[in-house]
Amino acid sequence: MNRQQRLGWWLCLPAVGAMLLVTAYPLAYAFWLSLYRYDLRFPEQRAFVGGANYASVLTSEVWWQALANTVLITAGSVMMELMLGFALALLMHRTLFARRTVRTAILVPYGIITVVAALAWKFAFDPTTGFINALLNLDQPWLNERWSAFCVIIATEVWKTTPFMALLLMAGLTLVPQDLLQAARVDGASRIQRFFQITLPLMKPAVAVALLFRTLDAFRIFDTVFVQTRGAHGTETVSIVAYHTLIARLNLGLGSAVSVLIFAGVSLIAIGFIKGFKAPLIHREDSQ
Amino acid sequence: MTSESNALERIFWIFGSLIVIVYALIPVAWILSLSLKPPADLNDRRFIPNSITFEHYRAIFQDLQFPHALWNSLGIAFLSTLLAVVLGAMAAYAIVRLDFPGKRVVLAGALAIAMFPPISIIGPLFEMWRAIGLFDTWPGLMLPYMTFTLPLSIWTLSAFFRDVPWDLEKAARIDGATRLQAFTHVIAPIAAPGAVAAGLLIFIFAWNDFLFAISLTSTNKARTVPVAIAFFTGSSRFELPTGSIAAASVVVTAPIILLVLIFQRWLVTGLTAGAIKG
């Protein structure tokens with residue numbers, strides 16, 4: 001190894017070491033723990049049980065219900081974010097009116113902590129404190145019923161994360177050459193044709209990246225649900241199940257099995273995206 | 001295109017922009033309004049307060065819990081940002097400037113960690129941190145924060161480093177500067193905006209985190225604001241803590257909004273650089 005190669009490794013080592021220490025090692029440890037009966041309240045009963053924890057998670061109603069809830073919230077919020085995000089990105093790209101103000105304003109939801117966003121929406125929909133029922137002239141206990149609670153949770157997620165989507169899509173829009181659109185317009189392509197046949201295909205990488213990151217992020221949703229319902233009224237997500245098993249019930253064996261299953265789910269989504277979009281995620285020009 | 005349709009289009013975009021601004025700001029205005037309502041008006045279900053009081057703000061700062069949490073949040077977020085930017089800059093510099101086997105693996109690994117579900121390692125971290133005494137301490141949170149933000153740091157900074165005119169470095173080295181001197185005197189000032197952008201994104205991540213903070217802390221020693229807010233019981237047991245929660249929410253939101261306003265341009269570039277340019 002020459003000097004340059006050694007220096008390269010030395011410079012990367014601290015970052016790589018930190019990343020391995022807090023992700024790879026604990027993940028392996030989680031997998032190992034998931035093979036044991038290990039409840040911190042009864043540590044003396046610790047024993048190797050093989051796949052028994054996975055069997056009890058995968059045959060339980062709770063897990064499948066939580067998985068269905070998570071998929072529902074993920075699909076609902078990401079779809080709405082994509083549509084709203086596109087509208088917002090086009091608006092920021094095209095409007096000449098208060099462009100800077102619009103950009104700054106949409107960074108506010110991005111910057112706000114999720115817990116505060118969740119509380120703001122919770123208080124807004126609260127029957128005693130909130131202005132929503134007064135505004136709509138309703139008497140709806142939003143967060144005490146499953147479907148209306150889902151609506152509030154998804155609305156909160158959409159509000160909080162659409163800006164991220166919109167900014168990525170806007171960056172994608174700037175990659176579309178103006179003269180190509182101009183030429184299509186001269187050839188008589190309508191606004192809609194131009195969007196679907198030129199803009200959208202050219203933006204495919206940006207859309208893929210934005211969708212991938214938002215889907216993975218939505219799949220691990222925790223803060224919003226915890227603050228708004230604590231998982232009550234049938235709104236438990238997989239992360240909430242894992243948290244309750246691990247930290248509230250201190251059942252490290254069973255909880256680790258749930259954690260490993262969530263990791264598997266996230267990996268499946270990532271692989272699906274990368275294969276499905278043939279995403280050029282790590283396809284970078286060579287650096288000199 | 002006629003001037004009439006142009007005018008229509010203008011009105012359409014102006015109207016759209018106004019809707020977006022209102023949409024983005026309403027929840028913030030609402031929580032601000034709640035924090036300023038006198039306790040008697042908290043349940044009046046009105047968006048705009050009838051009268052204004054600052055007593056909720058006084059209450060949260062008199063309570064011991066909140067100032068502690070604010071101090072923890074500031075310290076932990078700031079230190080983990082600093083560490084992540086420094087380590088990330090070292091790695092990004094190596095990746096952009098040096099040729100060594102495995103640099104693609106480092107980039108791909110960082111990307112994989114960016115997609116990693118933190119919940120998957122909460123159990124082992126809880127167990128490990130208790131065993132080695134990192135549970136409920138500042139480093140116990142800083143370590144996961146900086147680890148999860150290193151990918152962001154590496155990708156954003158390498159996107160920025162790619163645009164740096166590196167010939168300047170060569171020139172400095174011909175003039176007799178060492179590699180380190182060339183970096184600190186010539187390259188670092190040019191790359192500073194990138195570091196600020198990365199730092200800001202990392203700070204927001206650490207400031208925002210709830211899952212690690214709720215799982216790996218148990219007392220005022222290291223509990224951060226998001227967790228403190230979620231566990232607020234109010235200044236007295238007989239009053240709903242809505243007002244205090246709202247006031248605390250405004251206090252944690254203010255610094256971020258301030259940073260966002262100041263660094264708006266860099267923030268947008270930073271957010272999109274890592275994702276799109278790569």
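Is B:Phe66 buried or exposed, and at what relative accessibility? I looked this up before turning to the rest of the model, which is a predicted one. B:Phe66 counts as buried, because its relative accessibility is 0%.

**Entry 1. The ring partner of B:Phe66**

I examined the rings of B:Phe61 and B:Phe66 and found their centres 5.5 Å apart. The planes stand at 80°, so I recorded the pair as edge-to-face. B:Phe61 has a relative accessibility of 41% and therefore counts as partly exposed.

**Entry 2. Aromatic pairs elsewhere**

I noted 33 aromatic pairs over all chains. One of them is formed by A:Phe86 and A:Phe195, with 5.4 Å from centre to centre and 80° between the planes, an edge-to-face arrangement. I placed A:Phe86 in helix 3 of chain A and A:Phe195 in helix 9 (residues 191–202) of chain A; the pair links distant parts of the chain, 109 residues apart. A:Phe86 has a relative accessible area of 11% and is buried. I also recorded one aromatic cluster made up of A:Tyr25, A:Tyr29, A:Trp32, A:Tyr36 and A:Phe48.

**Entry 3. The interface of chains A and B**

I looked up the contacts between the two chains: 101 residues of chain A meet 99 residues of chain B. Together the chains bury about 9,000 Å², and 75% of this lies on carbon and sulfur atoms. I found 13 residue pairs in polar contact between chain A and chain B, counting pairs with both residues at pLDDT 80 or more. Helix 1 (residues 3–33) of chain A supplies 21 residues, the largest share of the side of chain A that touches chain B. By class, that side of chain A holds 70 nonpolar, 19 polar and 12 charged residues. The count of salt bridges between the two chains is one. Its partners are A:Arg191 and B:Glu9, whose side chains meet at 3.5 Å, N to O.

**Entry 4. Salt bridges around A:Arg214**

I then followed A:Arg214 to A:Glu157, with which it forms a salt bridge at 3.8 Å between the closest N and O atoms. Because A:Glu157 lies in helix 7 (residues 146–173) of chain A and A:Arg214 in helix 10 of chain A, the pair ties together parts 57 residues apart in sequence. A:Glu157, like A:Arg214, is buried.

I next took up A:Asp217 and A:Arg220, whose side chains meet in a salt bridge of 2.9 Å, N to O. Salt bridges with shared partners join A:Glu81, A:Glu157, A:Arg214, A:Asp217 and A:Arg220 into one network. Within it, A:Asp217 counts as partly exposed because its relative accessibility is 34%, whereas A:Arg220, at a relative accessible area of 17%, is buried.

**Entry 5. A:Asn133**

I located A:Asn133 in helix 6 (residues 132–136) of chain A. Its relative accessibility is 1%, so A:Asn133 counts as buried. The side chain of A:Asn133 makes a polar contact of 3.0 Å with the side chain of A:Trp142. Leaving aside residues up to four places away in sequence, A:Asn133 touches residues including A:Phe125, A:Pro127, A:Trp142 and, from chain B, B:Arg45.

Technical notes: Residues numbered from 1 in each chain as written. Chains lettered and ligands numbered in written order. Heavy atoms only, no water. Contact = heavy atoms within 4.5 Å. Buried area = accessible area lost by both parts, 1.4 Å probe. Salt bridge = Lys/Arg side-chain N within 4 Å of Asp/Glu carboxyl O. Polar contact = N/O pair within 3.5 Å; in protein donor to acceptor, adjacent residues only side chain to side chain. Helix = DSSP H or I, 4+ residues; strand = E, 2+ residues; numbered from the N terminus. Nonpolar A, V, L, I, M, F, W, Y, C, P; charged D, E, K, R; others polar. Buried < 20%, exposed > 50% of the residue type's maximum accessible area, 1.4 Å probe, protein only. Phe/Tyr/Trp six-rings, centres within 6.5 Å; stacked < 30°, edge-to-face > 60°.
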